[in-house]
Amino acid sequence: MPCSARICAGGGRWPAGMPSWLPSTTASPRVVRCRLTRAGEQLRVRVPAGGQVPDLEAQAERIAAFLSVREVRVVRDPASARHARVVVLRRDPLADPTPVPWPLASAGRLSLWQPIPVGEDEDGSEVTVTLPERNLLLGGEPGAGKSNVLQLLVAVGALDPSVRLTLFDPKLVELAVWQGSAARLVGPNVEEAIEVLKGLISELDDRYLSLLANRARKVTEGDGLPLHLVGIEELAYFTNGPDRKAAQAFSTLLRDFVARGRAAGMVTVATTQKPSADVVPTFLRDLFGFRWALRCSTPQASDTILGSGWATQGHSAASIDPATRGVGLLLQEGGVPVRLRSCWLDDLELAELARRAEQLRGTTRTTAATLRLVEDEPA
């Protein structure tokens, strides 16, 4: 029987030999609840009189060594200073190389207003994000899985025919599959990106005038104003390019758009493979209610996405195994970063989702090959 399970079976006391962490040796933490998880056990622990949860948290490494487990995490119960949630991790449940299938891969029609399943946490529970009134920033080193997460969110927007899609993709190939569903697909042209962003801000201003006329504070479902999803693949190309004047202009416009877009039903999702302050300055990062850090090369890069200080509290994407593609930390507004593995879509699934989206929208893509055939036809 696992040692932490014996604690539960033994009346909730730490077993003999547990290192003392309290000033008094006559008292010890008491387990009041215990349940098994995919990764190990989760305990609810009550600290004795005179003790504090931070005392227990400071001994997490010693407790892990005593229990011979991979890791022990201690989180204070926000409702009680005398209780803590102690997570005993015996294995990494997210290290399984088997891809997590996307639950919506076979959907025929979706709504961007609804929660979007994006992955599974360490307990095997589904993790969702709800984008209206939120923006999402994704960061991580190349190959960490950022583009795949962006595809999940764009897929939902594409399969909601009421949503307008505007996509920025300097490589063109990452988001090209959604060209038939997008109002605009901007490639490696910063000047064009600036003009498109100016157009979005003009629409944003019009929306606020509509809200004012209707004495409304924000766009709500069913009020006649459709959601607008803006996806930006590789933010660094537009905010930190060689033309500093153009990059600064784009950054200034984007800050305005992200800051005011959420209430107007215009959502931004952006990715970067270079999480640094010159690419994602603090004034821009803090406007994103959702921040998702996949594998990063340094704790500082992880903090650039999640926010300063999370790495020192044990929430660092730099500690993620490079082999575990799609594993990252998701921070939602007012919460604590959740470790999860994102769902996966392969190219065939993406192509099928894009085909369905085009059918819903009544659009068809005209490929370059088709254009050539038309041009080559005799007059």
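What share of the contacts in the chain between residues at least 6 apart in sequence join residues at least 24 apart? Here are some notes to go with the model.

1. **Basis.** This is a predicted model, in which local features need pLDDT of at least 70 and side-chain atom pairs count only at pLDDT 80 or more, while totals for chains, interfaces and linings use all residues. Residues are numbered from 1 along each chain as its sequence is written, and side-chain values use heavy atoms, with hydrogens and water left out.

2. **The chain as a whole.** To settle the opening question: 65% of those contacts join residues at least 24 apart in sequence, a contact being heavy atoms within 4.5 Å. The chain has eleven helices and 15 strands (DSSP runs numbered from the N terminus: H or I of at least four residues for helices, E of at least two for strands). Of its 379 residues, 50% count as buried; that term means under 20% relative accessible area, with exposed over 50% and partly exposed in between (1.4 Å probe, protein chains only). The accessible surface comes to about 17800 Å², and carbon and sulfur atoms hold 52% of it (Shrake-Rupley method, 1.4 Å probe; for residues, only the protein chains shown count as cover).

3. **A four-stranded sheet.** Four strands make an open sheet in the order S1-S2-S4-S3, with antiparallel pairing; two strands pair if DSSP finds at least two bridges between them. At the edges are S1 (30–36) and S3 (71–76), each pairing on one side only. Neighbouring strands of this sheet are turned by 20 degrees against each other on average, direction ignored. Axes here are lines fitted to C-alpha atoms, for helices over the stretch in contact, and angles run from 0 to 180 degrees between N-to-C directions.

4. **Around that sheet.** Antiparallel S1 and S2 (residues 40–46) are joined by six bridges, and Arg35 stands opposite Gln42 in S2. Helix H3 (residues 60–67) packs on the sheet, where it touches S3 and S4 (83–89), and its direction makes about 140 degrees with that of S3.

5. **Aromatic pairs.** The structure holds four aromatic pairs. Rings of Phe, Tyr and Trp (its six-membered ring) pair if their centres lie within 6.5 Å; planes under 30 degrees apart count as stacked, over 60 as edge-to-face and the rest as tilted. Phe168 and Phe238 are edge-to-face because their ring centres are 5.9 Å apart and their planes stand at 80 degrees. Phe168 lies in strand S9 (residues 164–168) and Phe238 in helix H6 (residues 235–239), so this pair ties together parts 70 residues apart in sequence.

6. Phe238 is buried at 0% relative accessible area, whereas Tyr237 is partly exposed at 33%. Phe168, Tyr237, Phe238 and Phe250 form one aromatic cluster.

7. **Helix H7.** Phe250 is among the buried residues of H7, as are Leu253, Leu254 and Phe257. The buried residues of this helix pack against S9, H5 (190–213), S11 (228–232), H6, S12 (266–272) and H8 (282–285). With 18 residues (244–261), H7 should span 26 Å at 1.5 Å a residue, and its end C-alpha atoms are 25 Å apart, which agrees; the expected span is 1.5 Å times one less than the number of residues.

8. **Thr304.** This residue sits in helix H9 (residues 299–306). Thr304 counts as buried because its relative accessibility is 12%. Leaving aside neighbours within four places in sequence, Thr304 is in contact with Pro275, Ser276, Ala277, Val280 and Arg285.
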